[in-house]
Amino acid sequence: WPPVPPDVDMSTFELETPELAITGNSMLYRVKGRPGIVYKGRGLDREYELQKAAGDCAIPVRGRVMLKSYDGEIICMGFPMDLATPLIVPWVPAPPPAAVLPPNRHRDIIHQMIRLIERLHTKRIVHGDVRLENMLLDSQGELRLCDFGTARYVDEDERAWEGGSTWHYESPNRLLRSEQMGWDPAPPTCEDDLYGLGLSIWHLYTGRIPNEDLAGDDLGLKERQRK
């Protein structure tokens, strides 16, 4: 201590309020004095490392924000990353109507989506939560992924993974593995990413959230997945 750059001490890091967006269990803030940068609160070390390892497939991260507790423990509180334009507006505080790109942009974005997931898998990384809400356009108009909180390395021990899933994007095969393994949810695979990619393309064209008619109906969703 103090942190080695690009990591920074939490006490030197100023955020603008209110929050820019709320996504799942995290909050996004603009950073005072750093235009073009947002801070993801509650981002963990593992998420940071996987997003960094994803390279040109992910929104670039800019170090970690660290806190030294009273008992001397050093904790990652979150991390700054480049500001990017979401394909779907994040929930603040409730989901707005889905944003649908003009039809003349669909083909280009879909090709980018496919290439993006292919590149990520060549890096031996599974994202685990492929959906439009986690796809953003960087300052050059290139599509990138965010939210690597459910990601994992293809070759790592499945027991090392701790994460969740977005219920309406969960694949039938993942449901089956969950039942066989006794895990809920089962660790994601490349095939699960491809299933999420297919639903994301459908979401892009229709403007409708997959399986939204079964919101909160876990049994109904599982029955649909089995079919």
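Where does Pro18 lie? Pro18 is in the loop between β1 and β2 (21-23); helices (H or I, at least four residues) and strands (E, at least two) are DSSP runs, numbered from the N terminus. Select Thr17 together with Pro18: the peptide bond that joins them is cis, with omega about 0 degrees. Then step back to Pro5 and Pro6, where the peptide bond is also cis, with omega near 15 degrees. Pro6 belongs to the segment before β1 (8-9).

**Before going on**

This is a predicted model, in which local features need pLDDT of at least 70 and side-chain atom pairs count only at pLDDT 80 or more, while totals for chains, interfaces and linings use all residues. Residues are numbered from 1 along each chain as its sequence is written, and side-chain values use heavy atoms, with hydrogens and water left out.

**Whole chain, coloured by confidence**

Colour by pLDDT, the predictor's confidence in each residue, from 0 to 100. The mean for the protein is 86, and 86% of the residues reach 70 or more. Confidence is highest in strand β8 (residues 125-126), at 98, and lowest in helix α5 (residues 218-226), at a mean of 56. Select residues 91-98 as well: pLDDT stays under 50 there, and the model has 10 contacts beyond four places in sequence for this stretch. Contact means heavy atoms within 4.5 Å. Where pLDDT is low, the predicted coordinates should not be read in detail.

With the whole chain still selected, the protein has five helices and 11 strands. Of its 227 residues, 44% are buried, where buried means under 20% relative accessible area, exposed over 50%, and partly exposed in between (1.4 Å probe, protein chains only). The accessible surface comes to about 12200 Å², with 54% of it belonging to carbon and sulfur atoms; areas come from the Shrake-Rupley method with a 1.4 Å probe, and for residues only the protein chains shown count as cover. Among contacts with a separation of 6 or more, 60% are between residues 24 or more positions apart.

Select residues 26-30 and 37-41. These are strands β3 and β4, which pair in the antiparallel sense over four bridges; two strands pair if DSSP finds at least two bridges between them. Arg30 stands opposite Val38 in β4. The two strands form a hairpin with six residues between them, and Gly33 in the turn has a positive phi of about 80 degrees.

**Helix α2**

Select residues 103-122. Helix α2 has 20 residues and reaches 30 Å from its first C-alpha to its last. That is close to the 28 Å expected at 1.5 Å a residue, the expected span being 1.5 Å times one less than the number of residues. Which residues of α2 are buried? They are His106, Ile109, Ile110, Gln112, Met113, Leu116, Ile117, Leu120 and His121. Show their neighbours: the buried residues of α2 pack against β8, β9 (135-137), β10 (143-145) and α4 (190-206).

Past the end of the helix, pick Arg124, in the loop between α2 and β8. Arg124 has a positive phi of about 65 degrees although it is not a glycine. Its relative accessible area is 41%, so Arg124 is partly exposed.

**The three-stranded sheet**

Select β7, β9 and β10. They form an open sheet in the order β7-β9-β10, with antiparallel pairing. β7 (85-86) and β10 stand at the edges with a single partner strand each, so one side of each is left without a neighbour in the sheet. Three bridges join β9 to β10, and Leu137 stands opposite Leu143 in β10.

Next, select His127, in the loop between β8 and β9. Is His127 buried or exposed? His127 is buried, with a relative accessible area of 0%. Leaving out residues up to four places away in sequence, His127 touches Leu120, Asn134, Leu145, Cys146, Asp147, Phe148, Thr150, Ala151 and Asp193. From that list, pick Asp147, in the loop between β10 and β11 (152-153). Asp147 is not a glycine, yet has a positive phi of about 60 degrees.

**Helix α3**

End at residues 172-181, helix α3, where Arg174, Leu175, Arg177 and Ser178 are buried. They cover an arc of only 165 degrees around the axis, which puts them on the same side of α3; the arc is that of the directions from the helix axis to the C-beta atoms. Gly182 follows α3 and has a positive phi, near 75 degrees.
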